[in-house]
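Please open the model in your viewer and keep the selection panel at hand. The tour below moves from the whole chain to single residues, and each stop says what to select.

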Amino acid sequence: MPFINIQVTREGVTAEQKAALISGATDLLVKVLNKDPQTTFVIIDEVDTDNWGVAGETITQRRKRS
């Protein structure tokens, strides 16, 4: 029973984009690993940019500089 966890920043990811991610990730496991799509779970976590960091600073801080 495969479990896929996709994490994205919470910034306007549409329902259509999420559906495409779920479908695409499921299809990938079917094609590459021959997994049953009926037992493949995909979870999308949306993370606030204040809670996601790289190079010692939050994404919020990095984007304010840009």
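What follows is a tour in several stops, beginning with the whole chain.

**Before selecting anything**

The model is predicted, and local features are described only where pLDDT is at least 70, side-chain atom pairs only at pLDDT 80 or more, while totals for chains, interfaces and linings use all residues. Residues are numbered from 1 along each chain as its sequence is written, and side-chain values use heavy atoms, with hydrogens and water left out.

**Stop 1: the whole chain**

Show the protein chain as a cartoon, and its secondary structure comes to 2 helices and 4 strands, where helices (H or I, at least four residues) and strands (E, at least two) are DSSP runs numbered from the N terminus. Followed from the N terminus, these elements run in the order β-α-β-β-β-α. Along the principal axes, the C-alpha atoms fill a box of roughly 45 × 25 × 15 Å. The radius of gyration of the chain is 15 Å, whereas a compact globule of 66 residues would have one near 11 Å; this radius is taken over C-alpha atoms, and the globule rule is 2.2 Å times the number of residues to the power 0.38. If you colour by accessibility, buried residues make up 21% of the 66 residues, with buried meaning under 20% relative accessible area, exposed over 50%, and partly exposed in between (1.4 Å probe, protein chains only).

**Stop 2: residues 2–61**

Select residues 2–61, which an unreviewed UniProt entry annotates as "domain: 4-oxalocrotonate tautomerase-like"; UniProt positions are given in the numbering used here, feature names are shortened, and annotations may be inferred rather than shown by experiment. Over this range the chain is 37% helix and 30% strand, and the end C-alpha atoms are 35 Å apart.

**Stop 3: Pro-2**

Now select Pro-2, which the UniProt annotation "active site", again from an unreviewed entry, covers. Pro-2 lies in the segment before strand 1. Is Pro-2 buried or exposed? Pro-2 counts as buried because its relative accessible area is 12%. Leaving aside neighbours within four places in sequence, Pro-2 is in contact (heavy atoms within 4.5 Å) with Leu-29, Lys-35, Thr-39, Thr-40 and Phe-41.

**Stop 4: helix 1**

Move to helix 1, whose 19 residues should span 27 Å at 1.5 Å a residue, in agreement with the 27 Å between its end C-alpha atoms; the expected span is 1.5 Å times one less than the number of residues. Highlight Ala-25, Thr-26 and Leu-29, which are buried in this helix. These three cover an arc of only 95° around the axis, which puts them on the same side of helix 1, the arc being that of the directions from the helix axis to the C-beta atoms. On the other side of helix 1, Glu-16, Lys-31 and Val-32 are exposed. What covers the buried residues of the helix includes strand 1 (3–9) and strand 2.

Stay with Thr-26, which counts as buried because its relative accessibility is 12%. Not counting residues up to four places away in sequence, Thr-26 touches Pro-37, Thr-40 and Val-42.

**Stop 5: salt bridges**

A search of the whole structure finds 5 salt bridges, each a side-chain nitrogen of Lys or Arg within 4 Å of a carboxyl oxygen of Asp or Glu. Select Lys-18 and Glu-46, which form one of them with their closest N and O atoms 3.0 Å apart. This pair links distant parts of the chain, since Lys-18 is in helix 1 and Glu-46 in strand 2 (residues 41–47), 28 residues apart.

Next, select Glu-57 together with Arg-62, where the closest N and O atoms of the salt bridge are 3.3 Å apart. Glu-57 also forms a salt bridge with Arg-65, at 2.5 Å between the closest N and O atoms. Salt bridges that share partners join Glu-57, Arg-62 and Arg-65 into one network.

**Stop 6: two positive phi angles**

Most residues other than glycine have a negative phi. Finish at Ala-55, which has a positive phi of about 55° although it is not a glycine, and which sits in the loop between strand 3 (53–54) and strand 4 (57–58). Ala-55 counts as exposed because its relative accessibility is 69%.
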